Amino acid sequence: SSLQLSKTIQDVETTQELLKETSSGALEIASDLLKKDRIDANILGMESLICLTDCSKAGLGIAKIVSRNIILDENSAGLRTIIMRFVSISSEDKSDQNEFRQRLHNLALHVLSNALSVTSKEGLLQREIQEHKWFADHLIPVLINELKDARNRPHDALLAAKAMFTLINISPDMRSKAIEIGAKNILTNARDHGISSHACLATETERCVSTLECAC
């Protein structure tokens, strides 16, 4: 019995080490691609991170490790900073003349949404939000700005709404910040557009609006 328990513990530790090694290697590759001065390489790196933060594709263990590295900024690669740079691409770069940058922007939002969701389910995001003002002072305004353009870029707005819901659903501070800077009206406008032409956007923004209304 004690031998079996010891072997089980050893197997778990071995599995954890393998997950860490696999995640570390995958993160290094993705980070290298994102740092290249070629947009095709950047897109490949971001697509890789989408898979690595998706529990159904990478598995829960790897998704947790990669998401933690991104959201909690736990490694030296500065992945969160890189991803946010692509999330914060200017409206000019998101125009029809810049379809690759437009694609990269959408992929970065997807990574952010995935990683926030995974870390929130672990309970790690709540602690990080309490300790760092970055989420309220920087991330919430960026997401709201994205939702303002829901009529022109509904797919991006959908990902921004998913990320927004994760934040406001777990934190009173995030709800207060969103309400303070006028998120409810912006989300309502995005929801109304979604009702007429984008069902998923309508559903996700309605969840956000309901959460903010409950906070009032």
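## Thr 53 and its polar partners

The side chain of Thr 53 reaches the backbone oxygen of Leu 49 at 2.8 Å. A polar contact also joins this side chain to that of Asn 114, at 3.2 Å; the term denotes a pair of N or O atoms within 3.5 Å, where within protein one must be able to donate a hydrogen and the other to accept it, and residues adjacent in sequence count only if both atoms are side-chain atoms.

This is a predicted model, in which local features need pLDDT of at least 70 and side-chain atom pairs count only at pLDDT 80 or more, while totals for chains, interfaces and linings use all residues. Residues are numbered from 1 along each chain as its sequence is written, and side-chain values use heavy atoms, with hydrogens and water left out.

Thr 53 is located in the loop between helix 2 (39-52) and helix 3 (55-58); helices are DSSP runs (H or I, at least four residues) numbered from the N terminus. Thr 53 has a relative accessible area of 2% and is therefore buried (under 20%, 1.4 Å probe, protein chains only). Residues up to four places away in sequence aside, Thr 53 touches several others, including Ala 63, Ile 70 and Val 118 (contact means heavy atoms within 4.5 Å).

## The nonpolar core

The largest nonpolar core has 63 residues, and Met 46, Leu 49 and Leu 167 have the most contacts inside it. Such a core is a set of buried Ala, Val, Leu, Ile, Met, Phe, Trp, Tyr and Cys residues joined through side-chain atoms within 4.5 Å. Helix 9 (residues 154-170) supplies the largest share of this core, ten residues.

Methods: Helices (H or I, at least four residues) and strands (E, at least two) are DSSP runs, numbered from the N terminus. Buried means under 20% relative accessible area, exposed over 50%, partly exposed in between (1.4 Å probe, protein chains only).
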